[in-house]
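Here is a short report on a two-chain model. It covers fold, interface and confidence.

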Amino acid sequence: MKCQRCPKQATLHITEVLGEDRYEEVHLCEECAKKYLLEPQKKSTAAKPPIADDSEDAEAAPTGPVCDLCGISYIEFRNHGRFGCANDYEAFKAELLPLLESIHGDVRHLGKTPRRMPRSQGAQVELVTLRRRLQQLVTEENYEEAARVRDRIKELENS
Amino acid sequence: MNLDSLLPHLGEWLRGTGPESDVVISTRIRLARNLAHLPFATRATPAHKAEVVARVKDAITHAPPAHPLEYVDIPQLSHLDRQFLVERQLISRELASGLEGPRGVAFDPTETASVMVNEEDHLRLQVLRSGFALDEAWHDIDQLDDALETRLSYAFHIQFGYLTACPTNVGTGMRASVMLHLPALGLTKQIDKVFRALQKINLAVRGLHGEGSRAFGDLYQISNHVTLGKSETKILTEIREVIVTILQYERQARQALLKERQQAEQDRVARAIGTLSSATMITAEETMELLSAVRLGIHLHLIDNIPVTAVNQLFIHTQAAHLQKLAGHSLDGEERNAARAKYLKTKLREWSLPRP
């Protein structure tokens, strides 16, 4: 069985007690298990914010996803109601869709677009993809390629 | 900029002459924008905020010639000057004293266009116009937005549109609000019915100073909630339709007042002028209520010697910071009430003099 957070073999199997008759099994490698155990405890379902639960995201940690750019977690965002940076919209996308639907009755922008969009938009999309790739490369310990991706990100951010 | 130079003037939006100005005081549109690649306010260090300020300052030098903007640094202003800008509707109470670090506002001499920097979002663009002027306000702010964008790279997402610090603003980032004077709907006790209907169709109702403020002097702001999934034009059309309906209700109520209780209204207006011109102590709240009666009296042609612009001016000039600027020094609560009464007395005497 593979670790739920990285491609390594899962060696630790944890059973979380979520409430009466509710359990969750977590399978992790030793390294991820260490991190997992250091994270804040998962709250019981009743204390969870209404939007966050139903998602069956395999990566969903007790804090929800975390933005790799500004470092805020989805739970932090829900507690304060404010994003930390523009990348959060991509980082929390799965969780945000039902939230936006309930606020606006829609999840797709229909209005004005920036005039400079073709260039900046292309760069933003590439940035998002590159950041995801960078994370993956680091986990794979492919440091050579990771360095190249990081340079490209810097280049785009400064342009 | 020396803010004292603004004191004798009135923002363009208070001119009181725009379309439907018997009921609509002003129209405001604001756009929330953030810079790509810089953290939002909650995660921004003072250095980040300083960078936002520097970039926006550079961009406003390229603002459209119709709206040459001048930047005012908020941390350098006294508490009184900040409050003064709040009363002139150029900045939020949040920007004045709720936030820390580098921040400011840029606005043009007519006080029509302004840009708050480092409020909840990196930029909050605003256009404020007299009367019912949604199209003109949108035209202005769209141009201002384009002009700033030639120098700034906005955070924008293909699916979600303009990205904002709060998910309630994402998409167009646009909040359009129309300030209405609805004394007759208040007097005939129909106002709650109107507002219940508005909430059902997703429009918000607030007082003079926006979120959380009480509606003094029968002044209400009606604005859109939804910013995602509808184009700016569609949002404006929806608001326009609702405002047109409310306008009709208010005018019907005014006609009904004239028909059914003209004598009583005449008396109410005369008493309002009586109190405003003879009181020696008066609160801001009471002033607003009485000015509301006078404003209605002007539009019902029950009085003809007071111009409506004068009443609009009094709504603003009798607020705390304006009175202190006029006095040239700070005043405590009681002193303010006395200064307010004295100011009202002088002004009303000026206008009541027989004209040559």
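## Overall shape of chain B

Chain B has 356 residues, for which a compact globule would have a radius of gyration near 21 Å; chain B has 21 Å, so the two agree. That radius is taken over C-alpha atoms, and the globule rule is 2.2 Å times the number of residues to the power 0.38. Along the principal axes, the C-alpha atoms of chain B fill a box of roughly 65 × 45 × 35 Å.

This is a predicted model: local features need pLDDT of at least 70, side-chain atom pairs count only at pLDDT 80 or more, and totals for chains, interfaces and linings use all residues. Residues are numbered from 1 along each chain as its sequence is written, while chains are lettered from A and ligands numbered from 1 in the order written.

## Fold of chain B

Chain B holds 11 helices and 10 strands (DSSP runs numbered from the N terminus: H or I of at least four residues, E of at least two). Of its 356 residues, 48% are buried (20 or more other C-beta atoms within 10 Å of the residue's own, all placed from the backbone). Take the contacts between residues at least 6 apart in sequence: 70% join residues at least 24 apart. A contact means C-beta atoms, placed from the backbone, within 7 Å.

## Interface

On chain B, 32 residues contact 30 residues of chain A. Helix H4 (134-149) and strand E6 (156-157) of chain B each supply at least two residues of that side.

## Confidence in chain A

Chain A has a mean pLDDT of 75, with 67% of its residues at 70 or more. pLDDT is the predictor's confidence in each residue, from 0 to 100.

How values were computed:
Two residues are in contact if their C-beta atoms, placed from the backbone, lie within 7 Å. A residue is buried if 20 or more other C-beta atoms lie within 10 Å of its own, exposed if 12 or fewer, and partly exposed in between; C-beta atoms are placed from the backbone.
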